[in-house]
Amino acid sequence: MKFEIEARKRTLQGSGASRRLRRENRVPAIVYGGTAGPQMIDIDHNEILLNLRKEGFRSSVLTLKLDGQRQQALLRDAQVHPWKPLVLHCDFLRVDATHAIHQRIPLHFLNGEIAPGVKLEGGAVAAALNDIEVSCLPQHLPAFIEVDLKELALGDMIHVSELVFPDKVTPVVSGDDQVVVSIIAPKVVEEEEVEGEEVEGAEAAATDEKDEKDEKDEKDD
């Protein structure tokens, strides 16, 4: 999916200028990187809010249309109000088609419901990662990476080294070969323990009640 964002240059900065922009339904932002210097801009609030709700927006190379010129960029950060649907500020990074970029992209887990460990053994899918950082040229950046679970039995797992990446896209890894997803056993043991505790509690209550009755009978005698 391709995204285009209309932007305007801005010269005023500071909290007062930002508040005025927000009253005009605009979002203060900045674009930086590449050979040009940082440029303060502002963008339409409703447009950026709608795009932020789309999964591919944060992991795609965007087109910023600024004063009639187009430049490629990545969304590096979006500051959002903690509970209002309000975008406060955005940071964009210019990209160059000839230089590799690092970007986190989402993982799409497929066929979890038909994995033998889930369908036949009653297990559950446990995702250790929801996204992964990759390195590639901007034009090769994928929207997501698919992770097929259809062969996984109970206790099986998939590591980063086992993922299938598109041509010219490589994962950015450090240290051990990290687990991406696994099929874990159902929580039968915990349920049995809870049931056992309930039975023990009931038995203890019955014993206490019997002891109290015996003591009462002894007093009456």
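Trainee: Which side chain meets K65 in a salt bridge at 3.7 Å, N to O?

Mentor: This is a predicted model, where local features need pLDDT of at least 70, side-chain atom pairs count only at pLDDT 80 or more, and totals for chains, interfaces and linings use all residues. Residues are numbered from 1 along each chain as its sequence is written, and side-chain values use heavy atoms, leaving out hydrogens and water. A salt bridge puts a side-chain nitrogen of Lys or Arg within 4 Å of a carboxyl oxygen of Asp or Glu. At 3.7 Å, the partner of K65 is E4.

Trainee: How many residues apart are K65 and E4?

Mentor: Strands are DSSP runs of E, at least two residues, numbered from the N terminus. K65 lies in strand β4 and E4 in strand β1. The pair links distant parts of the chain, and the separation is 61 residues.

Trainee: In which sense do β1 and β4 pair?

Mentor: Two strands pair if DSSP finds at least two bridges between them. β1 (residues 4-9) and β4 have four bridges. E4 has T63 as its bridge partner in β4. The sense is parallel.

Trainee: Which residue forms a salt bridge with R26 at 2.7 Å?

Mentor: R26 sits in strand β2 (residues 26-32). The partner is in strand β3 (residues 39-44), 16 residues apart from R26. With the closest N and O atoms 2.7 Å apart, that partner is D42.
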